[in-house]
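Visitor: Could you walk me through this structure, taking the sheet, the cores and the charged pairs in turn?

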Amino acid sequence: MKIAPACVLFLSGCAGRQSALDAGGPSASALENLIFLFVAVCSIVFVLVMGVMAWALLRARNQTPGRPQTERSMGRVVAGAIVATFVVITFLTAASFYATPSLDRGQANTPTIVVRGQQWWWQFIYLDPDPAKSFQTANELHIPVGTDIRLRLEASDVIHSFWVPNLTGKQDLVPGRENALTLHASKPGVYRGQCAEFCGLQHSHMALLVVAEEPEDYARWLAAQRAAAAPVDGEAAAGKLVFMSKPCAACHTIRGTEASGTTGPDLTHIGSRSTIGAGLLENTRGSIAAWIADPQTLKPGNNMPLVPVTSEELRQLSAYMRELQ
Ligand code: CUA
């Protein structure tokens, strides 16, 4: 492989929508600077150590045999190395401490979104002082750009870890405990994140998207999400009847209907999300049908049971899900 294409390939790993080296907000910038600082300092230390070692080897070769180095000068070298190590480690530790507070800026009046880790999907609860305006969604977090948003991190089963590298550092979601992160996107975009703590069989299929939007787009999204599911007709209406008559409604909520289960993700506006199964599949009618037909083959071990449906019912159910915009 030629050097130039190899470099391009290597550096291309630093860009993209899931990279800590392509910061999209202040927390990620602080961490990115920290990463570069560590790499720079460690590179300097590496070059110095290698240089001194090469010098020592050459010197030993050129030395007259039988003339050992005096203990005094050896002691000075060792003491110098210990002091240098102490200074470097203290400096890097201080730099880490300095960067950490940017992860949770902790203002009390910042809008808060509850993030609950579930095996294996993300529950996002948008809290509002007016309970009628609170709603929840799954796996796709929308935030306005240029504003701090506070995430309250919780877990209901095992430990998960929230990690959207472009926007912030990792923070664990621990059952029985509340952690917090400040999320702030400087520019609009879709940032991919992933669970970063092994949480069982489908840990690798626990992805999320953060959609950072201009305030007016965000307000529009917010209003649409707050609304109950719109009435449906035709094939989708038939799908709604199937949904309500099968166990689906016992696990999922669709606001505006009698479905009010809380085990699975809220499906009120599932049609508006870009993926299903926590980033597993693109949200199309085909993948929804495939998911309902055989969730355990697509994501073995997940909590969605196989609900027997006819192919006719499958078509109607997938039409209904797509209509839930
Ligand atoms: Cu949740 Cu890994």
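**Cores, sheet and salt bridges**

Guide: In this predicted model, the largest nonpolar core has 32 residues, and those with the most contacts inside it are Leu141, Leu151 and Phe162.

Visitor: Which element gives the largest share of this core?

Guide: Several elements give two or more residues to this core, among them strand 1 (112–118), strand 2 (121–126), strand 8 (179–183) and helix 4 (215–226). The largest share amounts to four residues, and the element that supplies them is strand 5.

Visitor: Which strands are the edge strands of the open sheet?

Guide: Five strands form the open sheet with mixed pairing, and their order is 4-10-9-6-7. An edge strand pairs on one side only, which here applies to strand 4 (140–144) and strand 7 (171–173).

Visitor: Which residue in strand 9 stands opposite Phe162?

Guide: Strand 6 (residues 160–163) and strand 9 (residues 189–195) run antiparallel and are joined by two bridges. Phe162, which is also one of the residues with the most contacts inside the largest core, stands opposite Cys195.

Visitor: Does Arg152 count as buried, partly exposed or exposed, and what is its relative accessibility?

Guide: Arg152 forms a salt bridge with Glu178, with the closest N and O atoms 3.6 Å apart. The pair links distant parts of the chain, since Arg152 is in strand 5 whereas Glu178 is in the loop between strand 7 and strand 8, 26 residues apart. Glu178 counts as exposed because its relative accessibility is 51%, where the cut-off for exposed is over 50%. Arg152 counts as partly exposed, because its relative accessibility is 28%.

Visitor: How many residues apart in sequence are the parts that Lys246 and Glu313 tie together?

Guide: Lys246 forms a salt bridge with Glu313, the closest N and O atoms lying 3.6 Å apart. Lys246 is in the loop between helix 5 (234–245) and helix 6 (248–251), while Glu313 belongs to helix 9 (residues 311–323), so the parts tied together are separated in sequence by 67 residues.

Visitor: About how many helical turns separate Arg315 and Glu312?

Guide: Arg315 forms a salt bridge with Glu312, and their closest N and O atoms are 3.0 Å apart. Because these residues are three apart in helix 9, their separation is about one helical turn.

Definitions and conventions. Residues numbered from 1 in each chain as written. Predicted model: local features only at pLDDT ≥ 70, side-chain atom pairs only at ≥ 80, totals over all residues. Heavy atoms only, no water. Pairing = 2+ DSSP bridges. Core = buried A, V, L, I, M, F, W, Y, C linked by side-chain atoms within 4.5 Å. Buried < 20%, exposed > 50% of the residue type's maximum accessible area, 1.4 Å probe, protein only. Salt bridge = Lys/Arg side-chain N within 4 Å of Asp/Glu carboxyl O.
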